Amino acid sequence: MGNPTGFIEYQRLETPHRPVVERIGDWREVDLMLTPEQLRQQAARCMDCGIPFCHASGCPVLNRIPEFNELAYRGRWQEAIENLHSTNNFPEITGRVCPAPCEAACTLSINSQPVNIKHIELQIIERAFAEGWVRPLRPASRTGKKVAIIGSGPAGLAAAQQLNRLGHQVVVFEKDDRLGGLLRYGIPDFKLEKRIIDRRLEQLVAEGVRFEPNVYVGRDLSGSYLLERFDAVLLAMGAGQPRPLTVPGSELQGVHFAMEYLTQQNRRVAGDLPELVKRPLIDARDKHVVVIGGGDTGSDCVGTAVRQQAASVTQIEILPQPPESYNPETPWPLWPKILRTSTSHEEGCKRLWSVLTTGLSGTDGCVRQLHACRVEWEKTESGWQMKPVPGTEFTLPTDLVLVAMGFLHVVHDELLTQLGIELDPRGNVFVQNWMTSRPGVFAAGDCRRGASLVVHAIFEGRQAAKAIDRFLANGAARPSNSYGGASAHRPTMAVSPLGVAIS
């Protein structure tokens, strides 16, 4: 605890943002930094609460939050980043995009405003990069064991860094042309500029992690190839199967999944030529946009459509509007189900609650109207039940519908079939102690747990790396390859994120 009375002396300061009129004209990050003195005061608010629920139940990666708060308060920044890196491989990512369940679990949240933990975390890591304290950590020796990781999202990258530092040779395969998974293509630049990902990837390359982008494992490279050439395999492909909109008219032009829309815009910001974007251009300019889904992905679509100069943006959610403050259904230290207004919402959109989409209609094969009705929710013995409210039918004019209703499970593609991987009842990869039904093949992140937070993926990548290391240390043989057949594989040169060949 840096200051015993800090939580009494200082009020919470929210992270500042660039003015709306300025930020909607570009794709740069929205958030600004508190001043050094303001940050010190925010760190001083961390109190001697006895049991730090922010750490014990709020933080999925188990960050030692009271410790780094005190170190930041005392200006011991190098110790602070060492503390933070001991639990979190990528605090520059979570410090930007994590919803901060740690703050909801902060003891001050019982009757006051929590410590601004997320921003303190961000300033620690940004200070570390500025001072040159984030350096490659190469292993002193190599074990001779090789691990293949499928997917370069947060789970795959966290596992790659942990395993490489333990001395194993790690090769990360990524189906896209650039690395980062949904960090790269699913999160808009105004929340996470891609230079943030690139500088961390450069560290991983310097540490000895090998990357093979543009390789769709299961198609370009078979499961058989992995089992023959690697001592262990980690599946970290994410949960990319979107929940479909199953209403009449969903096949009309102008109806798109959110990830298709966000990925395309991120490619445009990155400077990809139009011919590299394989699908028709999705642009909200001068269009009436309806976003179906009230979560973070829907919010990202709102901010993107605003920057593309949409004529109007409406976001609809099937659930009822939550209370603005305390919700008795989610008492402290649980993550509170309350009304949240994102920076994208501040930029201009209409939000509708308890709305069920019943159909879409259009002319000349293009969507022009969304048909919907109001619903009400009743709590029954079997849980909350929804029913349409008669006489509440209405339509919304729309030229572009973005479906942001979440994800069902990992994509059930060729690799899972080739490896004979068992799935759980929800369609995700089933594991026991991080190992799948095929010995030597592990899984972590969203492909195992379903779509979730970046911070969960980082934690699972780290835990899976521990399990893989134990597996390799026990002298286990390479994963079994008891089936025949293999797709052709064109050997590719490992390259850095910047296209530099790795020897």
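At what angle do the axes of helix 3 and helix 5 cross? In this predicted model, the axes of helix 3 (residues 36-44) and helix 5 (residues 65-73) cross at roughly 140° and come within 8 Å. Helices are DSSP runs (H or I, at least four residues) numbered from the N terminus, and axes are lines fitted to C-alpha atoms over the stretch in contact, with angles from 0 to 180 degrees between N-to-C directions. On the helix 3 side, Arg40, Ala43 and Ala44 meet Asn69, Ala72 and Tyr73 of helix 5 (contact means heavy atoms within 4.5 Å).

Residues are numbered from 1 along each chain as its sequence is written. Local features need pLDDT of at least 70, side-chain atom pairs count only at pLDDT 80 or more, totals for chains, interfaces and linings use all residues, and side-chain values use heavy atoms, with hydrogens and water left out.

Glu207 belongs to helix 12 (residues 194-207) and is buried, with a relative accessible area of 0% (buried means under 20%, with a 1.4 Å probe and protein chains only). The side chains of Glu207 and Gln161 are joined by a polar contact of 3.3 Å (a pair of N or O atoms within 3.5 Å, one able to donate a hydrogen and the other to accept it).

Arg12 lies in the loop between helix 1 (6-9) and helix 2 (20-23). Arg12 is also buried, at a relative accessible area of 15%. A polar atom of the Arg12 side chain lies 3.0 Å from the backbone oxygen of Pro114, and for the backbone oxygen of Val115 the distance to a polar atom of that side chain is 3.2 Å.

Notes
Helix = DSSP H or I, 4+ residues; strand = E, 2+ residues; numbered from the N terminus. Buried < 20%, exposed > 50% of the residue type's maximum accessible area, 1.4 Å probe, protein only.
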